[in-house]
Each structure stands twice: as C-alpha cells, then as structure tokens.
Amino acid sequence: MADHNDNFTSATSGSTVVEEKIVQKTTTKTDDAKHREEPATTAEGSGTTSSRDTKREASWPSVLFYIHLNILGVYGIFVLFTHTSLITVVFTFLLTLCGILGVTAGAHRLWAHRTYEASPFLRFMLMTFQTLAGQGSIYDWVRMHRLHHEKFRTVDDPYYSDKDFLHAQVFANIRQLSERQEKLLQTVDMSDLEADSIVMFQKRFYWFLYPILFVLLPINAPLEYWGDTVQAAIFVAFSLRYLIVLNVSWLINSAHFVWGLDKNHKQSDSNMVFLVNKSYWPQYHYLLPFDYQSGEFGSYGSGCTTAFIRVFAAVGMATKLQTMTTEAVKRGLTMAVDTGKPIADCLKQAGIEDMSNLKREHYLQNDRLH
C-alpha cells in the first residue's frame with residue numbers, strides 16, 4: 001500500500017517537471033538578466049524579453065522534409081484506392097495504430113507522466129511502437145513534453161500554447177528552439193528515464209533502430225512478402241502512414257486548441273462546434289497530468305489508448321494505474337476552500353489518500369470521474 005502511494009506521489013511530481021530546479025538555477029541570474037533584457041525590447045512589443053533569447057529560427061531541413069512528406073502522403077491517398085492490395089492496407093493500418101499507441105500509451109502516459117507502471121515486456125513493446133512513430137527517441141520526446149507542461153501558456157512553451165493551433169501544430173515543429181528554451185530544456189529532470197534501461201537503450205541506438213523499423217519494414221514487407229507495387233510500398237505504407245502518425249502525434253501538444261474550452265471565448269464563436277465536442281478535459285490534464293484516463297484528444301475514460309492500458313492491466317503487465325475519483329475531487333476542492341492552499345496541491349493530496357482505498361482492479365469498474 002505504501003509503495004502504491006509513493007508511486008502516485010512520484011507520478012505527480014515527475015510530470016510537472018521540477019519547478020524547484022528551474023527556480024534555483026534562474027534566481028541567481030535574475031538581476032543580471034533584467035539588465036540585459038530591458039534594453040532589448042523589440043519593435044513588435046515583446047516586453048522586456050530579449051529578442052535574441054526568444055527568437056526561433058526556421059529549421060529549413062525540417063521545412064523541406066515536411067513539404068515533401070505532405071506531397072507524397074497526399075498522393076498516397078490516390079495510390080491507396082488505385083494501386084494498393086487489401087493486405088497492404090491492413091498492414092499500413094496496423095503500423096499506424098502501433099505508432100500512435102507508442103506515442104500516446106508509451107511516451108505520453110507512461111514515460112512523460114508516469115500514469116501507470118509497465119512490465120519490461122510492455123515497456124519494450126511500447127518502445128518498439130514509439131520507434132515506429134518516427135518522432136525521435138522517447139527521451140527527447142518526453143523532455144520536450146515536460147517542458148511544454150511546465151511552461152504551458154507562456155512564451156517559453158516550445159509548442160506555442162500561448163498563441164494558436166497553427167503555431168502549436170505546425171510552426172513549433174519546423175522551428176529551432178530559442179536560446180532560452182534550450183537552457184530551460186537542460187533543467188528538466190529526466191532522472192527517472194535515465195534509470196530506465198529500455199529508454200536509454202533506444203536513446204543510444206535510435207538511429208540504428210529508426211531505418212530498420214520505421215523505413216525498411218513498411219517499404220520492404222509489401223514488396224518482399226506479398227508482391228505489392230512499389231507505389232503502394234512507398235506512397236502508402238511509408239509516406240501516408242508517416243503523415244498520419246506525425247500529425248496525430250503533434251496533436252498531443254496542440255489538442256487543447258481543438259477540444260478545450262476557453263473561458264474567454266464562447267463555444268459558438270467558432271465553427272468547430274459543429275465538428276468536435278469541446279470540454280474542459282484538456283485543461284484537467286494540464287492541472288492533473290498523472291491520471292491515466294485523460295485522453296490526448298479531449299476525452300476522458302474512453303478511447304483506444306485507455307482501453308489498451310486497461311487490457312494490459314487486466315493481464316498484469318500494467319500496474320498502479322493512477323486516477324482521480326469524483327469523491328477525491330470533492331474533498332480536494334473542499335480542502336482548498338478551507339485551507340486556502342492551491343487547488344492543484346489539494347487535489348493531489350486528496351488523490352493520494354483516495355488511491356490507497358481503491359481496489360487494485362478499479363480500472364474494471366464503470367465508475368469514473370464525472
């Protein structure tokens with residue numbers, strides 16, 4: 001029972017990216033930074049922040065690569081319906097699903113936020129799936145995502161959460177980090193991942209695994225094993241698959257613009273109300289990121305990734321699933337009113353107490369936060 005509570009506590013602290021370390025390393029430089037930054041006000045009205053420290057240059061290799069990928073991927077839609085066998089379609093779908101699960105269930109919920117613990121077999125499988133996504137190593141992805149949570153809604157967020165969807169979904173991924181963001185990235189606590197042998201194995205051999213799993217497997221299999229066309233292998237199994245996985249993975253850091261409600265805008269102000277169901281679940285995730293039921297795309301307690309985690313929990317490979325119950329939220333809010341402490345801290349404390357009383361198989365019950 002004590003181990004379970006310790007895991008809950010580490011999940012909450014690990015996912016918020018060590019604010020204390022950033023404060024300690026930056027406090028001693030505050031006075032000097034102010035003197036350097038105050039005269040560097042730009043004509044665009046960037047306040048007292050140095051334009052040199054915050055400016056992000058375009059990564060032209062990335063720009064050119066993504067332009068070509070979009071062209072090839074869109075052409076792959078045509079090839080999908082004209083020159084592709086059914087087995088290649090199924091093969092591409094499975095690789096796409098595995099790549100998305102590698103990012104959502106693996107890099108995001110397991111390694112970035114510690115919402116559950118996984119057996120070595122499950123961690124190895126998720127590492128393989130994440131390599132199929134072509135998003136860089138788990139280590140680098142998690143470090144960027146933790147900085148995203150730490151600096152959410154500020155100019156230091158590498159995914160432009162203070163701007164708009166286009167910046168978060170596209171520009172953030174084709175621009176280099178600013179000097180200030182590079183420094184902040186170095187302060188992110190990655191000790192838990194550095195202690196994970198599977199994560200560090202992938203980090204060390206990523207550029208060996210990438211061409212084999214991500215490039216050769218989807219291109220060679222249709223040609224070698226069931227004699228499909230070259231067009232189907234290159235434009236469907238590789239390009240179209242990569243385009244889909246890439247944009248779905250990018251949505252993890254920009255989905256709050258699509259599915260999240262903004263208290264400053266009415267839901268009817270956007271035509272998106274006719275396409276998606278907006279809610280406050282994205283904001284809930286940024287408040288309490290350790291809940292394994294928080295969907296990446298505006299849902300809670302449902303979806304493919306949540307079902308995936310529950311299946312492996314049922315067979316004993318995923319354990320210590322962290323979550324919040326309605327009663328814990330009520331107690332946390334009451335505690336915040338009575339004590340005057342920050343709401344997030346009170347909710348976390350109530351969650352720790354509540355997890356000690358939940359049954360091990362709580363994920364099998366229909367009761368969930370509502």
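Biologist: Which helices each supply at least two residues of the lining of the largest cavity?
Modeller: α13 and α14 (281-287) do; helices are DSSP runs of H or I, at least four residues, numbered from the N terminus. This is a predicted model, where local features need pLDDT of at least 70 and side-chain atom pairs 80 or more, while totals for chains, interfaces and linings use all residues. Residues are numbered from 1 along each chain, and side-chain values use heavy atoms, without hydrogens and water.

Biologist: And which residues line that largest cavity?
Modeller: His108, Ile252, Ala255, His256, Pro282, His285, Tyr286, Ser294, Gly295, Glu296 and Gly298. A cavity is a set of points on a 1 Å grid over the protein atoms alone where a 1.4 Å probe fits but cannot get out, and lining residues have an atom within 4 Å of a point.

Biologist: How do they divide by type?
Modeller: Four are nonpolar, six polar and one charged (Ala, Val, Leu, Ile, Met, Phe, Trp, Tyr, Cys and Pro are nonpolar, Asp, Glu, Lys and Arg charged, the others, Gly among them, polar).

Biologist: Switching topic, at what angle do α5 and α13 pack?
Modeller: About 120 degrees, with the axes of α5 (residues 60-82) and α13 (residues 230-259) 8 Å apart. Axes are fitted to C-alpha atoms over the stretch in contact, and angles run from 0 to 180 degrees between N-to-C directions.

Biologist: What residues meet there?
Modeller: Phe65, Tyr66 and Leu69 are among those in α5, and the α13 side includes Phe235, Leu243 and Trp250; contact means heavy atoms within 4.5 Å. The contact of α5 with α13 has 17 nonpolar residues, five polar and no charged.

Key. On a 1 Å grid over the protein atoms alone, a cavity is a set of points where a 1.4 Å probe fits but cannot get out, and a pocket is an open set with protein on both sides within 12 Å along at least five of seven lines; lining residues have an atom within 4 Å of a point.
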